[in-house]
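Please open the structure in a viewer and keep the selection panel at hand.

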Amino acid sequence: MGEKQWGSRIGFLLATAGAAIGLGNLWKFPYLMGENGGFTFLVVYLIFVLILGLPCMMLEMSLGRYTGRDPIQSYKMVNPKAKIVGIFGVLAPFIILSYYSVIGGWLIKYVVSYVTTFNAPADFGTFIASPTTVIWHFIFMAMVIYVCYKGIGGIEKASKIMLPALFVLLIIIIFRSVSLKGSMEGIKFIFAPKKGFSLASVNAALGQVFYSLSLCMGITITYGSYLSKKENIPKSCAVVAGMDTLLAVLAGIAIFPAVFVFGLEPGQGPGLVFVTLPKVFGAMSGGSIFAIAFFILMFFAALTSAIALLEVVVSFAIDSWGWSRNKSVAVMGIAVAILGIPSALSSGLLADVTILNYSVFDFIGMISDNILLPIGGILMCYFIVWKFDITKLTDEMEQGCPNFKIKKLWIASIKYVAPILLIIVTVSGFVGVYHSITGM
Ligand code: TRP
């Protein structure tokens, strides 16, 4: 008790931004931008942040503060039938954390390897196929558990250190990358308006807004439930979304110039970070120093997001089951760690195990990102907008934001725009899964 509120505004903002800023910003967004028409993609992305991302975030944050509870209790207070949305909002973080933590473990391994040998592990494929990945995954989970065990204050403290550090490291890397001769190619790859923008790009932008802002996973509800009534919700959401987008764009400026200078293929995801970039660092003078900086940066981004994911599940056990924080952190943390074992082994011992043509690791990611999330989002809009007195939330927002001028726009957005866009994301998620199962 006595810890149900954030200690400071900056702590709250950094923790919420830390939840949003994650691997998606660093290894997905820049590539999406480069492949989908550069600047055009950025503009479309920004539009979706404004008409979908921000309104949904405001909805979640005001709901959290209105109820002061975990996602499941929050939705139950909205409408007893809406409990299902809360269940999605707790289940998704639980599942996501189990694979996010495996990647967190790889990142620790890379930091350790660069610090001790000035080199990346000999071969990424060999490393992830070895069972030692389970140990690194446990080490990462232990850190997440430790911070959550320290409670809201611990989360705040960790975010206040890691998020600014992350920005500083990124700026240092940008300077190095842009100062390389021939770096303009990479800048052009990300920014130059060019062909490649299609309907699929619109869809990719939509999905990315959702994932990048960590929407519909109970994060913003949970973090909002610790928020003081004095805080301005629309403004806070704008700050968080702004930082998230800024970081994603900066990540592109840090990564792609160097990739092009050394004649490597641009890419995304684990391949970019664990295979391509070590080659870049290997070829660059002073590369191992920048590699250490880069992998620490990635690690911080992953850790602040992972903390948020565990906190949702923990706050659920505290509020809904009446557990103590210590018990919730221990039981939930260990449960996630165990659930992550198959993902950690999915490139090694379990490489032959596939579920619907996916490796265990990809299957877990696919279920949570493409199915649970958008469906949760649609249900969220449905229950809140159609089955609940929305003025309770606008009243909530007016506390701390007395002239909430965009009230009508906001309601229109969550009533019409967001559900339509979410249905598009869900359908395309299913289509993607269908293609993958049928082998094309
Ligand atoms: N936003 C994170 C990223 O960009 C990923 C993410 C999605 C997430 N939902 C989340 C992180 C919930 C923490 C909590 O990588």
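The stops below begin at the ligand and then move to other parts of the chain. Please note that this is a predicted model.

Stop 1: Select the ligand and display the residues around it. The ligand is surrounded by 14 residues, and the closest are Ala20, Gly24, Tyr100, Tyr211 and Met217. Of which classes are the residues in this shell? Eight are nonpolar and six are polar, while no charged residues are present.

**Stop 2: polar atoms at the ligand.** Select Gly24 next and display its backbone. One of its backbone N or O atoms lies 2.8 Å from an oxygen atom of the ligand. Continue to Asn25, where a polar atom of the side chain is 3.0 Å from an oxygen atom of the ligand. Then select Ser212: a polar backbone atom of Ser212 is 3.1 Å from a nitrogen atom of the ligand. On its own, the ligand has 350 Å² of accessible area, and the protein covers 100% of that area.

**Stop 3: the cavity and the helices.** Which cavity holds the ligand? The ligand sits in the largest cavity. Now colour helix 1 (9–20), helix 2 (23–35), helix 10 (199–212) and helix 14 (287–321), the elements that each give two or more residues to the shell around the ligand. Helix 2 provides the largest share of this shell, namely three residues.

**Stop 4: a salt bridge.** The structure contains seven salt bridges. One of them can be displayed by selecting Lys4 and Asp319, whose closest N and O atoms are 3.8 Å apart. Lys4 belongs to the segment before helix 1 and Asp319 to helix 14, so this pair ties together parts that are 315 residues apart in sequence.

**Stop 5: two loop residues.** Most residues other than glycine have a negative phi. Select Phe118, in the loop between helix 5 (83–117) and helix 6 (124–129). Phe118 is not a glycine, yet its phi is positive, at about 60°. Finally, select Ser214, which is placed in the loop between helix 10 and helix 11 (219–225). Ser214 is likewise not a glycine and has a positive phi of about 55°.

How values were computed
Residues are numbered from 1 along each chain as its sequence is written. This is a predicted model: local features need pLDDT of at least 70, side-chain atom pairs count only at pLDDT 80 or more; totals for chains, interfaces and linings use all residues. Side-chain values use heavy atoms; hydrogens and water are left out. A residue is near a molecule or strand if one of its heavy atoms lies within 4 Å of it. A polar contact is a pair of N or O atoms within 3.5 Å; within protein, one must be able to donate a hydrogen and the other to accept it, and residues adjacent in sequence count only if both atoms are side-chain atoms. Accessible areas come from the Shrake-Rupley method with a 1.4 Å probe; for residues, only the protein chains shown count as cover. On a 1 Å grid over the protein atoms alone, a cavity is a set of points where a 1.4 Å probe fits but cannot get out, and a pocket is an open set with protein on both sides within 12 Å along at least five of seven lines; lining residues have an atom within 4 Å of a point. A molecule sits in a cavity or pocket if more than half of its atoms lie within 2 Å of its grid points. Helices (H or I, at least four residues) and strands (E, at least two) are DSSP runs, numbered from the N terminus. Ala, Val, Leu, Ile, Met, Phe, Trp, Tyr, Cys and Pro count as nonpolar, Asp, Glu, Lys and Arg as charged, and the others, Gly among them, as polar. A salt bridge is a side-chain nitrogen of Lys or Arg within 4 Å of a carboxyl oxygen of Asp or Glu.
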